[in-house]
Amino acid sequence: MDFTSLIDNLGSHTVDGLTKGAIYALVALGYTLVYGVLRLINFAHSEVFMVGTWTVFGVYAVFNATAASGVGTVILATSVALIAATLASAGTALAVERIAYRPLRKKNAPPLIFLITAIGCSLVLVELFGHVFRQFFGPPFGRALVSIPTLIDTKVLFTVGGVSITNIQLIVIFGAVLMMVLLDLFVNYSRLGRGVRAVAQDPDTAALMGVNQDRVIMLVFVLGGAMAGVAAMLYTLRYDITKFDIGFLIGVKAFTAAVLGGIGNLRGALVGGLLLGVVEVYSSTLFSSNWEDVTAFVVLIAVLMFRPTGILGESLGKARA
Amino acid sequence: MYSLDQQEVIVLRRSTRFGFSAVALALAVSASACGTTDENGGGDDGDCAATIGIMGALSGSNASIVIPSVNGAKMALTEWSAENEDCDIKLQEFDTEGDPAKATPAATQMATNEDFLGVIGGAFSGETRATKGIFDDAGLTMISQSATATDLTLEDPASVFHRVIGYDDVQGVAIANYLREVLQAKKIFVVDDSTAYGEPLANTVKTELGDLVADSDKTQEGQTDFAAVVSKVEAAAPDAVFYAGYAAEAGPFLKQLRDAGVEEPFVGGDGLYGADFPKAAGAASEGAIVTCPCLPAEEAGGTFAADYEAEYGEAPGAYAAEGYDAMNIFLAAFADGARDREAVEKFVDAYEGQGLTKTYKFDEKGDVAEENVVIWAYKVTDGALVADQEVPK
Amino acid sequence: MSTTLLDRYATARKALADNWANGPIWVKLPIVLALISFCFYLPYLNILPFAQIRTDLGAGGTDWSSVLFLIVIYMIAAVGLNVVIGLAGLLDLGYVGFYALGAYSVALFGSPSSPVTEAIARKFDLSEGWAVPFAACIPIAIAFALVAGVILGAPTLRLRGDYLAIVTMGFGEIIRIILRNSEFTGGPSGVIGIPKPPGPEQDGRDYFNSLDVHRWYWLALIVLILLMFAVRRLEHSRVGRSWLAIREDEDAAAIMGVPAFKFKLWAFAIGAALGAIAGLLFASKQGVVEPNGFRLNLSFLFVAMVVIGGSGNMVGVLIGAFLITYLPERFRGFEQWRPFAFGVALVAVMVLRPQGLVPNRRRAKEFEDRRHEAKEAAADV
């Protein structure tokens with residue numbers, strides 16, 4: 001128990017936690033969107049994120065971008081990587097929905113079946129990067145950790161009240177919040193967003209009103225996937241690595257974050273993600289990092305005891321208030 | 001809602017037919033009993049034949065630490081077979097994925113098949129702990145190329161178990177010496193990864209260093225965010241950081257440490273030995289030190305490194321030379337005329353000889369004499385591990 | 001093509017199931033006895049071509065009895081999880097936690113070198129090498145699992161399905177991490193020297209030793225048969241009917257006077273106890289335990305066994321456990337391709353046959369109903 005260290009550096013620990021939590025929050029959006037509309041836990045979402053990180057790696061390789069590259073290359077490579085990762089993740093999410101989930105939805109299968117299918121999809125995606133691609137394309141595919149070139153060096157931008165904020169931390173937190181706001185605006189104020197809310201509230205009535213349910217479901221998977229793609233980009237900026245099984249742990253944490261905030265609730269995902277990140281960093285400081293998962297789950301269980309539907313409750317947009 | 005009764009009449013009539021067909025099937029099964037699996041019964045054909053097993057994680061995320069030693073053993077066999085053409089010695093691989101639960105069926109298979117006269121392995125300590133008893137019951141000699149947990153020989157010895165490598169306590173002492181004497185560090189931060197490998201190694205190092213330990217922390221497998229550990233290191237302001245764990249976590253940890261401006265020397269144990277660590281840490285790994293109870297290939301003399309590269313297209317990785325040595329000890333037993341398990345065990349127990357990496361003579365617990373264990377420090381230079389110096393024990 | 005094959009399978013399976021359900025006892029009993037004897041005979045099976053199912057034929061094969069033993073252990077766990085998922089309809093993703101509790105109970109209390117027995121021996125001044133005998137470890141393991149099941153269940157079972165899934169998953173992880181991080185459980189290296197069941201000495205060795213694994217298999221098989229019998233009785237009792245009512249419609253069940261919470265807790269605790277028995281047998285045979293053996297993946301594997309086979313149906317669950325444990329061992333030659341193939345198979349089975357290979361009769365009807373509803377809904381739009 002190291003209280004002094006926690007209190008002394010509370011500010012910087014909080015910023016570390018928010019950075020970690022921002023990525024959880026973005027990934028959590030994918031779980032929450034799909035859950036809000038389909039009442040289904042998309043366990044394959046973690047690998048949608050993983051595909052995004054590999055895409056970033058691939059784009060950097062294509063542009064031959066390294067730490068030594070000029071500013072022009074860096075800007076070009078990162079923007080292309082961001083777009084590519086978003087598209088790749090959205091595409092993966094859509095593929096999972098079309099290949100695996102849609103046939104099950106047509107049969108009106110119970111949730112458990114979706115869960116096992118999702119686990120199967122995860123395994124397929126993980127093994128594609130961990131083994132199958134290696135057979136065809138060789139390294140860097142495979143089971144080893146892959147280092148992604150550091151294009152943006154970590155620098156301290158400014159210091160507020162003894163807390164130094166680095167450029168990367170700022171990009172990650174700001175990027176995540178921005179995406180969240182955009183998504184929130186989209187769901188609450190656009191025509192398509194209204195369709196999403198309508199299906200979330202009452203699929204049958206929405207269908208009667210002329211909302212194309214399949215299209216809304218596809219949209220939801222694409223949106224969730226795109227958020228995971230952005231998260232992947234931010235993740236690679238912060239940690240500079242990827243690995244075939246990197247999605248699993250982040251997926252579990254992001255899902256926890258979604259439930260913590262109130263699954264099906266977009267703002268809940270943000271709150272849950274940031275809270276979870278901060279809790280983990282605090283607990284790692286107080287005890288040590290090998291207890292952080294225990295703390296995260298204990299907090300989750302404690303919150304659910306008092307608020308059985310999460311901090312902000314379940315609701316997609318304001319539909320289920 | 002679900003009425004089943006309409007069918008019942010038909011079903012009842014059918015059930016007698018069902019009974020008869022079942023009996024008929026049973027008869028058919030017993031009638032077709034024409035051959036058994038024992039027909040081509042293996043066993044020794046000729047005097048000069050045997051099988052050596054080798055087990056370890058040949059697939060899964062840890063395979064890269066095990067496969068070089070398998071290649072080394074294969075090379076030893078190829079070389080020997082070229083000189084002894086009339087002998088038929090096989091090396092049989094068993095994949096355990098590093099999981100003790102999957103290692104026991106493989107171990108029982110070797111233990112109960114009399115063709116097996118020796119086993120190279122287990123590659124990891126966990127699977128070795130789980131299978132040692134099986135081999136001991138069967139009297140099947142094991143020579144491990146890379147299981148370094150101290151308790152395997154010191155706390156719970158088995159007469160059939162030997163290893164061609166120094167155990168963690170020896171390495172831990174050497175690492176402490178390196179930090180203290182070579183780096184002249186006065187304040188050392190010790191981090192481990194809460195695995196069966198990392199934690200005991202870090203504990204030995206901590207005990208040896210005593211007051212020199214500024215602070216310590218624990219991480220876990222699969223961790224990628226080390227912000228909390230990094231702030232602890234910053235707060236302790238050490239002269240050196242020691243990490244006991246594997247490359248997948250050491251890479252991002254070292255990177256984040258350097259990003260935060262901690263430029264002090266970084267030392268890791270043999271879990272980081274191999275090509276994965278410099279790759280995982282990227283440019284941040286430059287100058288990092290990795291210790292390993294393994295002799296640099298160029299020091300091993302002879303043409304091992306060159307031969308290995310010619311055969312497998314890459315420089316010999318972790319424990320390749322140890323795999324080669326372990327196989328050679330079995331081959332020496334065989335050349336000496338050992339043709340059953342008892343004879344092999346007797347030979348290996350009494351074995352004395354010069355291998356690639358060290359002089360071998362096993363003590364009664366199965367360890368190489370401590371004075372024969374060599375521990376080397378490797379430095380990451382231009383993204384590759386380069387032998388730096390031998391570490392005082 | 002594949003659908004016709006699938007349809008044929010479905011029809012044939014259904015005919016067989018109907019025949020079986022309505023068959024007279026004089027046909028059923030001998031068949032069951034024959035099947036059971038065949039299972040006992042399996043380790044010795046070497047009549048070609050049937051012996052092709054053995055896993056030790058190829059050069060890199062593994063010991064057939066050891067594989068059979070592992071299959072039966074997982075079958076016990078799957079039967080236990082089936083009580084929770086298939087009968088009571090609760091999604092438990094942390095089942096491996098109970099399995100770990102069983103394994104660690106026998107390890108911590110039965111092994112003379114475990115930190116717990118050493119502490120007890122020191123405290124009460126007992127002789128060196130003192131440990132709780134194997135037989136006494138069984139009630140300890142069951143008690144631990146029951147208590148853990150109730151501790152986990154009491155606060156969480158009021159949560160709805162999906163919340164329960166994440167909470168149980170967290171619970172499974174918490175158990176593993178505590179086992180790994182704590183001194184009194186032996187830390188990441190685990191515990192060695194776990195006791196084996198007592199038995200008459202044979203050929204100078206203990207009855208249960210590391211080489212004659214078929215005896216372990218027989219022991220596990222006997223345990224499995226007894227537990228299956230017990231669960232079957234439970235399923236057809238008042239408790240079983242209450243589970244069914246809760247699974248189909250909790251609110252309606254509550255209105256009819258079924259105390260849903262109480263019976264859910266029962267299901268959880270019984271499932272936990274079965275998981276602990278499986279873990280105990282596994283640890284005893286293995287001789288060592290380490291926390292890494294109880295990762296979350298194993299939980300998913302258990303759930304997959306139940307669902308692939310057909311949740312709610314004992315035979316289905318056994319088949320699911322068999323396929324998932326056996327196939328990777330039989331096809332070791334494919335080494336690195338196995339996880340990928342497993343993933344593809346999971347998706348394929350679920351998409352083509354979401355009710356599982358051998359579904360429960362009532363469940364199959366429910367599926368047909370749901371499918372019908374989906375069709376009707378589609379037609380309406």
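Student: So a residue counts as buried if 20 or more other C-beta atoms lie within 10 Å of its own; what share of the 381 residues of chain C is that?

Tutor: Keeping in mind that this is a predicted model, 49% of the 381 residues of chain C count as buried.

Student: And what is chain C built from, in helices and strands?

Tutor: Chain C has 15 helices and one strand. Its radius of gyration is 22 Å, which is close to the 21 Å that the globule rule gives for 381 residues, so chain C is as compact as a globular protein of that length. If you follow the C-alpha trace of chain C along its principal axes, it spans about 75 × 55 × 45 Å.

Student: How many of the contacts in chain C join residues at least 24 apart?

Tutor: Taking the contacts in chain C between residues at least 6 apart in sequence, 77% join residues at least 24 apart.

Student: Can we zoom in on two helices there? At what angle do α3 and α12 of chain C cross?

Tutor: Helix α3 of chain C covers residues 64–87 and helix α12 of chain C covers residues 296–309, and their axes cross at roughly 75° while coming within 9 Å of each other. An angle from 65 to 115 degrees counts as roughly perpendicular, and α3(C) and α12(C) are therefore roughly perpendicular to each other.

Student: Which residues make that contact?

Tutor: From α3(C) the contact uses Y74(C), A77(C), A78(C), L81(C), N82(C), I85(C) and G86(C), and from α12(C) it uses F302(C), V303(C), M305(C) and V306(C). Sorted by class, the residues of this contact of α3(C) with α12(C) are nine nonpolar, two polar and no charged.

Student: OK, switching to chain A: how many helices and strands are there?

Tutor: Chain A has twelve helices and four strands. Its radius of gyration is 20 Å, close to the 20 Å that the globule rule gives for 321 residues, so chain A is as compact as a globular protein of that length. The C-alpha trace of chain A spans about 55 × 50 × 35 Å along its principal axes, and 57% of the 321 residues of chain A count as buried.

Student: Which residues are buried in helix α7 of chain A?

Tutor: In helix α7 of chain A, which runs over residues 191–201, the buried ones are G193(A), G195(A), V196(A), R197(A), A198(A), V199(A) and A200(A). These buried residues of α7(A) pack against α2, α6 (167–189), α8 (203–208) and α9 (213–239) of chain A.

Student: You mentioned α6, so what about V177(A): why does V177(A) count as partly exposed?

Tutor: V177(A) is placed in helix α6 of chain A. A residue needs 20 or more neighbours to be buried and 12 or fewer to be exposed, and because V177(A) has 16 C-beta neighbours inside 10 Å, V177(A) counts as partly exposed.

Student: Now the chains together: how many residues of chain A are in contact with chain B?

Tutor: On that interface, 24 residues of chain A are in contact with 31 residues of chain B. On the side of chain A, the elements that give two or more residues are α2 (10–38) and α11 (266–286) of chain A, and α2(A) gives the most, with four residues. By class, that side of chain A has seven nonpolar, twelve polar and five charged residues.

Student: And how many residues does the contact take from chain B and chain C?

Tutor: That contact takes 44 residues from chain B and 44 residues from chain C. On the side of chain B, the elements that give two or more residues include α1 (5–31), β3 (88–95) and α4 (125–138) of chain B, and α1(B) supplies the largest share, ten residues. This side of chain B has 19 nonpolar, 16 polar and nine charged residues.

Student: Last one: what domains is chain B divided into?

Tutor: Chain B is divided into domain 1, made of 49–166 + 297–362, and domain 2, made of 169–292 + 376–390. The C-alpha centres of domain 1 and domain 2 of chain B lie 29 Å apart, and twelve residues of domain 1 are in contact with eleven residues of domain 2. On the domain 1 side of that contact, α2 (63–83) and α4 of chain B each supply at least two residues, and the residues of this side divide into three nonpolar, seven polar and two charged.

Technical notes:
Residues numbered from 1 in each chain as written. Chains lettered and ligands numbered in written order. Predicted model: local features only at pLDDT ≥ 70, side-chain atom pairs only at ≥ 80, totals over all residues. Axes fitted to C-alpha atoms, helices over the stretch in contact; angles between N-to-C directions. Parallel < 35°, antiparallel > 145°, perpendicular 65-115°, else oblique. Contact = placed C-beta atoms within 7 Å. Nonpolar A, V, L, I, M, F, W, Y, C, P; charged D, E, K, R; others polar. Domains from an automatic or database assignment. Rg over C-alpha atoms; globule rule 2.2 N^0.38 Å.
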